[in-house]
Amino acid sequence: MANKLTEKQKVTLWQQRRSASYQASCRLEGLTPTETSVRSEDAAARLASLRRQYGL
């Protein structure tokens, strides 16, 4: 018997399917989507900035 997916697993699966669908759609239209890369230091700095801005 198969186990049910947790909410986190459902979200991850949905994100993977959405990404694959987007990439396939781009290929059909002749576009080449590029992956953006963000260094962990930049991401941490941006998160800290947003937390200060929104008081979190």
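1. Let me start with how charge is counted here: Lys and Arg are taken as positive and Asp and Glu as negative, while His and the chain ends are left out. Each charge is placed at NZ of Lys, CZ of Arg, CG of Asp or CD of Glu. On that basis the protein has 10 positive and 5 negative charges, and their mean positions are 8 Å apart.

2. A word on what you are looking at. This is a predicted model, in which local features need pLDDT of at least 70 and side-chain atom pairs count only at pLDDT 80 or more, while totals for chains, interfaces and linings use all residues. Residues are numbered from 1 along each chain as its sequence is written, and side-chain values use heavy atoms, without hydrogens or water.

3. On the overall fold, the protein has two helices and zero strands (DSSP runs numbered from the N terminus, with H or I of at least four residues for helices and E of at least two for strands). Its radius of gyration, taken over C-alpha atoms, is 17 Å, well over the 10 Å that the globule rule gives for 56 residues, so the protein is more spread out than a compact globule. That rule is 2.2 Å times the number of residues to the power 0.38. Along the principal axes, the C-alpha atoms fill a box of roughly 40 × 40 × 20 Å.

4. Now the surface. Buried residues make up 2% of the 56 residues, where buried means under 20% relative accessible area, exposed means over 50%, and partly exposed lies in between (1.4 Å probe, protein chains only). The protein exposes about 5700 Å², with carbon and sulfur atoms supplying 54% of that area; the areas come from the Shrake-Rupley method.

5. Side chains of opposite charge can pair when their charged atoms come close. The structure holds three salt bridges, each a side-chain nitrogen of Lys or Arg within 4 Å of a carboxyl oxygen of Asp or Glu.

6. One of these sits in helix 1 (residues 7-28), where Glu-7 and Lys-10 are three residues apart, about one turn of the helix. Their closest N and O atoms are 3.4 Å apart. Glu-7 is exposed at 56% relative accessible area, and Lys-10 is partly exposed at 41%.

7. Have a look at Arg-39 too, which is linked with Glu-41 and Asp-42 in a network of salt bridges. The closest N and O atoms are 3.6 Å apart for Arg-39 and Glu-41, and 3.2 Å apart for Arg-39 and Asp-42. Arg-39 is exposed at 52% relative accessibility, Glu-41 is exposed at 52%, and Asp-42 is partly exposed at 40%.

Conventions. Accessible areas come from the Shrake-Rupley method with a 1.4 Å probe; for residues, only the protein chains shown count as cover.
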